[in-house]
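User: I am new to this structure. Can you show me how to read a few of its features?

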Amino acid sequence: MNAPAMVGQRRGRRAWDRCQALAAVTAVPGRVDRFYLTPQHRQATMLVAGWMRESGLRIWVDEAGNLHGTTGERGSHRPRLVLGSHLDTVPDAGRFDGVAGVMAAIEVAGELAGSMPFDLEVVGFGDEEGTRFGHALLGSRALAGTWEDAWWSLEDADGVSLERAFLEFGLDPERIGAASYANRDLVGYLEVHIEQGPTLDRAHVPLGVVSSIASARRFQVEVLGESRHSGGTPFDERHDALLGAAEAVVAVERLSLERQVIGTVGRLEVAPGAVNVIPGTATFTVDMRARHDHERDDTIDALTGVLEEVSERRGLRYRLQEIHAAPAVFCSERLLDAAREGVDAVQTQDVPTLFSPAGHDGMAVAAVTDVAMIFMRNPDGISHHPAEYVSPDDLGLGIAALTTAVRALA
Ligand code: GLV
Ligand code: MN
Ligand code: MN
């Protein structure tokens with residue numbers, strides 16, 4: 001093992017231990033549930049801020065609740081390289097998605113402080129997953145200056161609006177524009193993340209670089225029929241919303257396979273939800289991802305065609321509400337070369353270049369600066385699940401690679 005890799009291993013163990021400690025910050029004991037603008041978000045912010053301070057970083061929380069730690073000064077006009085990832089999770093999450101990247105960034109910024117011609121700024125984004133308000137990338141969209149006023153009325157499962165959640169967290173919605181880095185002198189954005197798929201694991205390679213991040217759209221679909229007696233209603237008089245939804249759900253998989261895109265229905269609810277009542281309403285989500293925007297959009301058009309046909313045939317109605325849209329993002333050659341140099345310095349195998357079907361903060365940050373990512377091996381590729389894992393050694397290699405990548409940009 002070469003010298004940067006050895007230093008990386010020590011730092012990897014510390015970063016890994018911190019990921020474990022953060023997993024204890026959860027809304028539901030025994031699992032990991034950490035959502036935007038909740039008490040757990042505040043607690044995680046305080047914990048991570050302490051680690052940033054230990055590494056000599058100056059910290060603040062921005063107008064969207066993102067945690068920043070810099071080797072420079074908050075208002076500095078020096079150019080800055082942003083490193084980071086997110087601190088929020090999906091429900092019943094793993095321990096490494098997002099946080100491993102923030103912990104890695106803290107290690108790198110602490111080590112390189114004062115030795116770079118630019119400031120290093122670590123950001124722990126408050127919302128990437130979109131778990132609480134349904135709209136993903138809220139933290140990084142605020143930083144990118146692409147916040148939309150329509151989002152203030154988004155509500156969580158308890159009917160709390162995003163605007164009220166801001167106020168309760170101690171943030172002023174009127175000041176959201178101040179979180180924007182649109183006019184800052186940015187060198188770029190580099191993120192280390194677990195792969196969330198099996199490519200590196202299957203190839204027995206610890207690290208790879210990311211060439212592009214999937215384009216994504218998410219929808220809430222409501223299928224409306226008629227709830228009636230399950231015993232007394234003849235089949236030819238039924239308007240069963242669930243059967244209509246079920247056809248559409250199966251079509252999501254069929255269309256995805258035919259078009260080589262990635263469509264998922266992750267939630268489906270039926271009302272009134274009684275054993276002896278024909279479903280009157282079925283509501284489900286669609287998460288559609290593709291390498292290119294047009295593939296994603298064409299598949300959504302085809303799915304709309306299926307909904308039209310099924311609704312006509314079964315005497316149903318449907319409503320399609322878009323809740324998230326993000327274009328495909330292609331990583332910059334300049335940052336990608338630096339990331340590749342970093343990975344090449346710490347592993348003997350060739351450096352794989354991967355497409356990321358998973359979404360990342362870099363998708364939003366790309367609106368204001370060049371982005372690139374380093375992926376770490378994720379055993380079995382399992383993520384968004386409690387069994388999600390990265391080894392301390394691979395995390396150490398990720399840290400060592402990021403350190404070299406940052407140096408390469410100097
Ligand atoms: C985030 O992890 C996403 O890809 O949905
Ligand atoms: Mn995730
Ligand atoms: Mn993530």
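Analyst: Start with Asp97. This is a predicted model. A residue is buried when its relative accessible area is under 20%. Asp97 has 8% relative accessibility, so Asp97 counts as buried.

User: Which metal ions does Asp97 bridge?

Analyst: Asp97 bridges two manganese ions, ligand 2 and ligand 3. The two ions lie 3.5 Å apart.

User: What coordinates the manganese ion (ligand 2)?

Analyst: Look for donor atoms around the metal. Asp97 (OD), Glu129 (OE), Glu129 (OE) and His384 (NE2) coordinate ligand 2, at 2.0 to 2.7 Å. Along the chain, the donors follow the spacing D-x31-E-x254-H. Asp97 sits in the loop between β3 (80–86) and α3 (99–112), and Glu129 in the loop between β4 (119–125) and α4 (138–144), so the pair ties together parts 32 residues apart in sequence.

User: Is Glu129 buried or exposed?

Analyst: Buried. Its relative accessible area is 10%.

User: How do I check the length of helix α8?

Analyst: At 1.5 Å a residue, the 22 residues of α8 (293–314) should span 32 Å. The end C-alpha atoms are 31 Å apart, which agrees. Gly315 follows α8, with a positive phi near 65 degrees.

User: What covers the buried residues of α8?

Analyst: Those buried residues include Arg296, Ile300, Leu303 and Val310. Their cover includes β7 (215–224), α7 (241–259), β10 (281–290) and β11 (317–326).

User: Where is Ala23, and what does Ala23 touch?

Analyst: Ala23 is in helix α1 (residues 3–23). Beyond four places away in sequence, Ala23 touches Arg31, Val32, Arg34 and Arg95. Ala23 and Arg95 are 72 residues apart in sequence, yet their C-alpha atoms are 5.6 Å apart.

Notes: Residues numbered from 1 in each chain as written. Chains lettered and ligands numbered in written order. Predicted model: local features only at pLDDT ≥ 70, side-chain atom pairs only at ≥ 80, totals over all residues. Heavy atoms only, no water. Helix = DSSP H or I, 4+ residues; strand = E, 2+ residues; numbered from the N terminus. Expected span 1.5 Å × (residues − 1). Buried < 20%, exposed > 50% of the residue type's maximum accessible area, 1.4 Å probe, protein only. Contact = heavy atoms within 4.5 Å. Donors = N, O, S within 2.8 Å, 3.2 Å for Na, K, Ca; no water.
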